[in-house]
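I am opening a notebook on a structure that is new to me. The entries below follow the order in which I looked things up.

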Amino acid sequence: MRRFSILIGVILCLSTAAFAFDATTFKGPKVEDLYLVIVRDPDAQLLALEKDEIHILSDIARPADIERLSQNSSVLMSLAKGFHGFFFGLNLRTFPWNRLELRQAAWEAIPREKLVRDLFAGYAEPLSTFLPPASPYFEDDVVKYSHSFEKAKERLGNAGWSWNNKGILMAPAGEGSTEKITLSPMKLLSPTAQVAPTTAEIAERIAASLRGIGVPIEVEPMDFSAMIARLDERNFDSYVMAWQMTRDPDSLFAFYHSSMDVKGGYNIPGIAEPRLDKVLAELRWAPDEASARQAASESQKLLAELVPVIPIYSRYFITAASSSWKGYVTTPYATADNTWSLFQLEPASGAMKPLRWALSDEPRSLNPLAAGSAYDWSVLGFIYDALITVDPETLLDLPWIAESWTIDTADGGTRLTFHLKEGLIWQDGRPITAGDSAYTIQYLREHQPPRYYDSVRDVASVETPDDLTLVVTMNSTSYWHLHNIGGLPIFPRHVFEQVKDWRSWKPAETWLDKDKKLTQLMGSGPFIFREYRPGEYVHLTRNPAFWLLNSR
C-alpha cells in the first residue's frame, strides 16, 4: 500500500497543476518536432527518461518502476482508469480448446487474484468479465469461476476426462465412446520478456497453472509482429493479449461474433455460437441505451458461460512525464500521454525543442488500412482525424472535422448528417470536403478491411449535398452508428484513388508527388509524417495548417 500511496500523492499534485480541460481553449500543437523513439528494453526506457533523453513514457506496468519514478522529483506521474483488458486466448476451431469443459476448467486453474497481487502490487485488478471496470456497461457480478485446481479437475472428471500415468489429460473421444485422446504438446504465444517482461511472466504463470491440471503447454516467446501475423493466419493454440477497448460495449460484437472470424479480424478465438451471435447482434443494433445496456449484460453472462477467452486482469494506465515540459493534460480517463497534451506542451523553460516520446516496439506496417497494433496507431493517430472525437473528461462526443451533426431514424434505418467545418485543408494544402469522407466510407465498404468492416457494414448510401455536408444512411437502427461512422479516420480521396491493393500498400514508403516533400501517409491531423528509421525512431513535424492551431 505504501507504493500506491506514494503514487497517488504524486498524481494528485500533477492533477491540480494540470491544464483544466476545456476543448474550446486549445490552440496547438506547439511542439514542432515529435520523435517517437523506439526503446524496447524497460530498463533502458527508465534510464532514458531520468536522463531527459525521452520526455514521455507510457504504459508503465512494473511496480518497482512505478515506485522508482514516483520518487524522482523531475518526473511527473499520472494514473487513469483505462479501457484495458488482458486475456488468455484460445483457438476454439480445433481440439482440444473446442471442448467447453476444458476452457471452463482452465479458467478455474488460473489464479488471477494471486497473479495480479504478485505482479502489480495494487496497480491492477483481476478481471472476471469481458469489459473493463472503467466501462459504464461493466458487470461486476458475472464471476463464475473462482480459482481451484480441485474444482477444475472435478469438472474435467465429471465430463469423462482422465489422466495418463504421466499426469497428462486424456479426453473422451466422443459421446458413448470408451476411447481416450491424449492431449498433444501445445504452445502459448507471447511477446518476448525483453519487450514485455510482465506479459511474458504472466504467460509463464498461466502455462504452469495449466500444466497443474494436466495440459501439456509451453510458452513460445516471439517478436510481437510475428505473433500478430500468426494470430491473423489463425495459426496458434493459445496466446496472451491485451486490448485497449472503447467506451462502447459493442466492441464485444467485433471480438466474438462469428461474422468477424476472418483473416485479420478481431474474432481471433473463432467462436461461432448461435446463442451468442443473437445477443451480440441485439447489442450491436440496439436502438436505444436501455436496450444496449440489457444486451451488454446478457452478452457478458453468456461469454462467461462459453469462455472464448479467459479474462486475466485490467490495470490502470500509468504514465511518466518529464518536468522539463509543461502543459500536460490529465483526466480520470487520460494520463499525460494523449493528443490533448500535445496541443498544450511546451518546454518549461527555454526555447522550443524536439519532444521525445518512447515507443516500446516497432510499428508493424504504418498502413492505416491494415494496421492493428498499438504501436502503429501510436503514430497513425497523430496523422489522421475523424469527424467527431471524445471528451477525455466526460467521454461524451465532441465536434472535430464535423462541427455538428443530426441523427434521424425511420423505417428501420438511420440517417446521419454531418456538417463539416469550413476552411479545413489536408497536409498537402488541398481543401477537405465532404467528398473525402464519402469516399473513405465507400472505400471501406467496398474493400472491407477487417479493422473497419463492422463500422461500415450497415451503410446503405452516402451522399454529399454540398462540399460541407455528408449524409450517411444506414440500413438499420443502432445506438452505436454515430460513433462507428463519426469515429472513422478520414482519408484524402486524391491519395486513396491511387491505392490499387490496400493490403500491400506502403504509404510511408511511397512519395505523394515528384517533389518528395510528403509521402502518401498524409492526413489532416496535427502532425506530418517525415521519416521512419527502424530500430531508432519515427519523426513527425507539426502540421502548420492544422485547424486547431489556427482557430480563434
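**Entry: Leu342**

I began with Leu342, which lies in helix 12, residues 339-344. The model is a predicted one. Is Leu342 buried or exposed? Its relative accessible area is 0%, and because buried means under 20%, Leu342 counts as buried. I then listed its contacts, leaving aside neighbours within four places in sequence. Leu342 touches Pro29, Lys30, Val31, Leu34, Leu355, Trp357, Phe382 and Phe527. I also looked up the distance to Ile425, which is 83 residues away in sequence. From C-alpha to C-alpha, Leu342 and Ile425 are 20 Å apart.

**Entry: strand 24 and its partners**

Strand 1 covers residues 33-38 and runs antiparallel to strand 24, with five bridges joining the two. In this pair I found Val37 opposite Tyr537. Strand 23, residues 527-533, is also antiparallel to strand 24, over six bridges. Here Glu531 stands opposite His539 of strand 24. Strand 23 and strand 24 make a hairpin, with three residues between them. In the turn I noted Gly535, whose phi is positive at about 85 degrees. How many residues of strand 24 are buried? I read five of six, so the strand, residues 537-542, is mostly covered, given that buried means under 20% relative accessible area.

**Entry: the nonpolar cores**

Next I looked up the largest nonpolar core, which has 158 residues. Which members touch the most others? They are Phe88, Val215, Tyr256, Phe418 and Leu540. Helix 11, residues 289-306, gives the most to this core, with seven residues. Another core lies apart from it and has 19 residues, among them Leu49, Leu57, Ile60 and Met77.

I took Phe88 as an example and did not count residues up to four places away in sequence. Phe88 is in touch with Ile110, Leu188, Ile206, Leu210, Ser238, Tyr239, Val240, Val309, Ile310 and Ile312.

Strand 4, residues 84-90, took me to a sheet. The sheet is open and is formed by six strands in the order 5-12-4-11-9-10, with mixed pairing. Which strands are at the edges? They are strand 5 (124-126) and strand 10 (217-222), each of which pairs on one side only. On average, neighbouring strands are turned by 30 degrees against each other, direction ignored.

Strand 9, residues 186-191, pairs with strand 10 in the parallel sense, over six bridges. Met186 has Ile217 of strand 10 as its bridge partner. I then looked at what lies across the sheet strands and found helix 7, residues 197-211. Helix 7 lies across strand 4, strand 9, strand 10, strand 11 (238-244) and strand 12 (309-315). It runs at about 160 degrees to strand 9.

**Entry: helix 4, helix 6 and Phe149**

How do helix 4 and helix 6 run against each other, and at what angle do they cross? The axes of helix 4 (residues 100-109) and helix 6 (residues 149-158) come within 8 Å and cross at roughly 170 degrees. Angles over 145 degrees count as roughly antiparallel, so helix 4 and helix 6 are placed in that class. From helix 4, the residues in contact are Glu101, Leu102, Gln104, Ala105, Glu108 and Ala109. From helix 6, they are Phe149, Lys151, Ala152, Arg155 and Leu156. By class, I noted six nonpolar, one polar and four charged residues.

Phe149, in helix 6, got a note of its own. At 27% relative accessibility, Phe149 counts as partly exposed. Leaving aside neighbours within four places in sequence, I found Phe149 in contact with Ala109, Ser209, Gly212 and Ile213. Phe149 and Ala105 are 44 residues apart in sequence, and their C-alpha atoms are 8.4 Å apart.

Strand 6 (residues 162-163) and strand 7 (residues 169-172) run antiparallel and are joined by two bridges. Ser162 has Met170 of strand 7 as its bridge partner. These two strands form a hairpin with five residues between them, and Gly167 in the turn has a positive phi of about 80 degrees. Strand 7 also runs antiparallel to strand 8 (residues 180-182), with three bridges. In that pair, Met170 stands opposite Thr182.

Notes
Residues numbered from 1 in each chain as written. Predicted model: local features only at pLDDT ≥ 70, side-chain atom pairs only at ≥ 80, totals over all residues. Heavy atoms only, no water. Pairing = 2+ DSSP bridges. Helix = DSSP H or I, 4+ residues; strand = E, 2+ residues; numbered from the N terminus. Axes fitted to C-alpha atoms, helices over the stretch in contact; angles between N-to-C directions. Contact = heavy atoms within 4.5 Å. Parallel < 35°, antiparallel > 145°, perpendicular 65-115°, else oblique. Nonpolar A, V, L, I, M, F, W, Y, C, P; charged D, E, K, R; others polar. Buried < 20%, exposed > 50% of the residue type's maximum accessible area, 1.4 Å probe, protein only. Core = buried A, V, L, I, M, F, W, Y, C linked by side-chain atoms within 4.5 Å.
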